[in-house]
Amino acid sequence: MFPAATYYSSPTSWVVEELALSHQSDWDHWFMMGLTGIAVGMLGFFVFQAIDIINKLKWNLVLHYIQNSQFFLTWIYIVGIGVLMVTLSSGMVLFLCPLGMPSGLPEVIGFLNGASVQYIFHIRTLIGTLVSCVLAVASGLFCGPEGPMIHMGSILGSCLSQFKSDTFGVRFPFFTRFQNCANRRNFITAGAGAGIASVFRAPVGGLLFTFEEMATFWDIKLAWQTFFCCLMAAFTTDLLSSSFHGFTYQGHFGFFKAEESILFGVKYLFDMSVLVFIPTIILGIIGGLLGALFISMNMRVNQFRIDLFNLIKDPLIHKISKLLEAILILVVTITATVYIPSLFPCTPRSPYLHDENRSLYSNSSTEVTLFLSKTDHFYLYNCPQGTTWIGPDGAEHSNYSYNQAAALLVENGKNGIVYLFRRGTHKEFGFAALFTALVIYYLFSCWTAGTALACGLVIPMLYTGALCGRIVGLIMVSIFGVQTDKYGAWIDPGFFAVIGAASYFGGVLRLTISLTAIMVELTNDVQSLLPTMVAVMVARMIGDLFNDSLYSSLLKQKRIPFLEPEPYVLNQKKPLNLELFTAKDIMELQVKVLHLNEKVTKLAELLLETNHGGFPVIYQPEQAQDEVFIGTITRLELCRILENEKLFELQKKESCKQCVQLNYHEISVKLQNFTKINLLLNRYRTDHRYRDYYINLKPYINQSAMTVHANFSLQRTYIIFRTLGLRHLTVVDLRNRVLGIITRKDLMAFRLEEKLFESKNVEGNNYKI
């Protein structure tokens, strides 16, 4: 997978250059990590500002109709605007992104694991994902920008570190030592972490997320650099958000406001009893069960979607059908969010906490702000405008009312999460509104995930979990009442909303360490650290009893060859001991090998008739001796060599001292025009002029390629393959002759089961299960 230092022309000079670079200061690594973090932070700021502006413009347009209870006109306007945005959003993904589908975290995770996934870091993918994400979230669908931001962060990490663009044919002569697979992978990892740091304002959470969920190859140096990248991303987003609102400068540049830096900040903390862990464990169980059910439902919906669209053979109609599905989801979602709140009655509210409770949540007598202050009249919905007056006793009175369902469903889930996390609002939301919002968000987010849109699931997951936690908290309040002393203040629906959000999040993604850090950074609630840890651990254990995590399930559904840390093969529901099997049991026997001096026509024919990514190279040391393995060469390198006719020779040459050779950068450039190279290969194969031409492959082969003996342990073969990030592993005998080859697909669990059951009687006495 990674180019060795001994490849290509002038091997000695190449080794000297690499050794010199390895001993110089790593200032350029840190500079590039900082640059990546700044770029991701600026992108995150742009995404959030754009979403907020579009949301405000959209809802302000219909505010008059909402206040006059003209819900049909509200629905017409919101649906019309939403259909336009979803059409553009889905169209950007389907017609601009090279894959014609929303690439996301599963693809990035697979790439970092060593799988070859095309076009996920393409500049067109970045543009399409950016526009699609902003419009999809602002349209009113139940989704968030978090997943796409992680993907876009990884794209920026890939593009900036390489200082070149294959799309535009531009290559800058800066930081050329980063133009290899290993460094590119590290910058992609850091960019993904910076995406988390920017979108959540959580640099520690971003670092831990990449370590726990995304990165396959990790070391302490990468951890430091990723942390710095995440720091710069969060700092940049906070710095810009401190003074710009709606892309308009508001002053106070560099003054970080708590409500801006902490997305779902919890202002009031209280003492807790050990009894808090009883409802926490219950919430963990609920989060695990609901998370496992969500994954199962979403996988079935996605598979049904795939099977249905595969029936459509015409490419244009296929894409239009996916676009129409996204529009259908939007129409149904908007219909539910507009009309369902109108069925709920108005609820009287008090603008302040009760006097007897205020001391539990604040150290001063300062009046607490209205808990629905951010909704700009949307909480009224079908409720009349209230008034405030001073009574005969000199006290302030009001007759304000609000619509509970409207406060939860109108606008977006981000505001709803803020309301659900608020402390001291024990009875602001009743069971009917909470259960209704829970069902709507749970089902519609499951339907939305997987459509032809660049959208994330973090906001719906937090929101759904917060609703569950709020319901559990409300049940406890119904049983024990509103506690007014410090020993019972922890019985607060807002507190359990935070725990519920963490448990459901963990039940879907099966995160533990990073999720705990992210929740603390999101809420600034260090007091709930231990209950959060317990909830996510329980949720993960319960979820793992039923299925894999969402990303693991998507990797399997998308057939991305992801290698788990340990091979896990079952026979009759029992794990196989792979130490009892060998590499020859799973290797591919039909190996296409090349010689050091190979005919041009044979190379052209080989590339046209196979799609293999790499080939073993053999040579004969002495006359009458066997041909032995010397190294490997990739398909890309062969194509780049065949594009240069100046390398063709009319006779075999054992030495290449006087030969024309390509340098490393010339041979590592990606192919842009596959049609052109196929035409060229066909000409080489059919044109008689090329029959006597040879190419000396010695300067271009990887002589550091790994091999294993045919009788080498299969368990250790798997670990070597995954740990080194290999694409091919050649199997040789005791004389170093090529017997077979192992690729990533040969080590997938289902392939291991097929090959092992064919080659061995695993139920026999000679093999333990």
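Residues are numbered from 1 along each chain as its sequence is written, and side-chain values use heavy atoms, leaving out hydrogens and water. Because the model is predicted, local features need pLDDT of at least 70 and side-chain atom pairs count only at pLDDT 80 or more, while totals for chains, interfaces and linings use all residues.

**Exercise 1.** Find out how many residues of helix H19 are buried, and which helices they pack against.

*Solution.* Start with the terms: helices are DSSP runs (H or I, at least four residues), numbered from the N terminus, and buried means under 20% relative accessible area with a 1.4 Å probe, protein chains only. H19 spans residues 513–523, and nine of its 11 residues are buried. Among them are Leu 515, Ile 518, Met 519 and Leu 522, but also Glu 521. Next, look for partners, where contact means heavy atoms within 4.5 Å. The buried residues of H19 pack against H7, H8, H15, H17, H18 and H20. Finally, step just past the helix: Asn 524 has a positive phi of about 60 degrees.

**Exercise 2.** Is Ser 132 buried or exposed, and what lies 3.0 Å from a polar atom of its side chain?

*Solution.* First place Ser 132 in helix H5, residues 123–139. Its relative accessible area is 0%, so Ser 132 is buried. Then follow the side chain: one of its polar atoms lies 3.0 Å from the backbone nitrogen of Ala 454. Leaving out residues up to four places away in sequence, Ser 132 also touches Ser 89, Met 92, Val 93 and Leu 453, as well as Ala 454 itself.

**Exercise 3.** Locate the largest nonpolar core and trace the contacts of Leu 408.

*Solution.* A nonpolar core is a set of buried Ala, Val, Leu, Ile, Met, Phe, Trp, Tyr and Cys residues joined through side-chain atoms within 4.5 Å. The largest has 133 residues, and those with the most contacts inside it are Met 214, Phe 264, Leu 408, Leu 420 and Leu 462. Helix H2 (residues 27–67) gives the largest share, 12 residues. Setting aside neighbours within four places in sequence, Leu 408 contacts residues including Leu 420, Phe 429, Leu 434 and Tyr 463.

**Exercise 4.** Describe how strands S17 and S18 pair.

*Solution.* Strands are DSSP runs of E, at least two residues, and two of them pair if DSSP finds at least two bridges between them. S17 (residues 728–732) and S18 (residues 738–743) are antiparallel, with five bridges. His 728 stands opposite Thr 743. In the hairpin, five residues lie between the strands, and Asn 736 takes a positive phi near 70 degrees.

Methods
Buried means under 20% relative accessible area, exposed over 50%, partly exposed in between (1.4 Å probe, protein chains only). A polar contact is a pair of N or O atoms within 3.5 Å; within protein, one must be able to donate a hydrogen and the other to accept it, and residues adjacent in sequence count only if both atoms are side-chain atoms.
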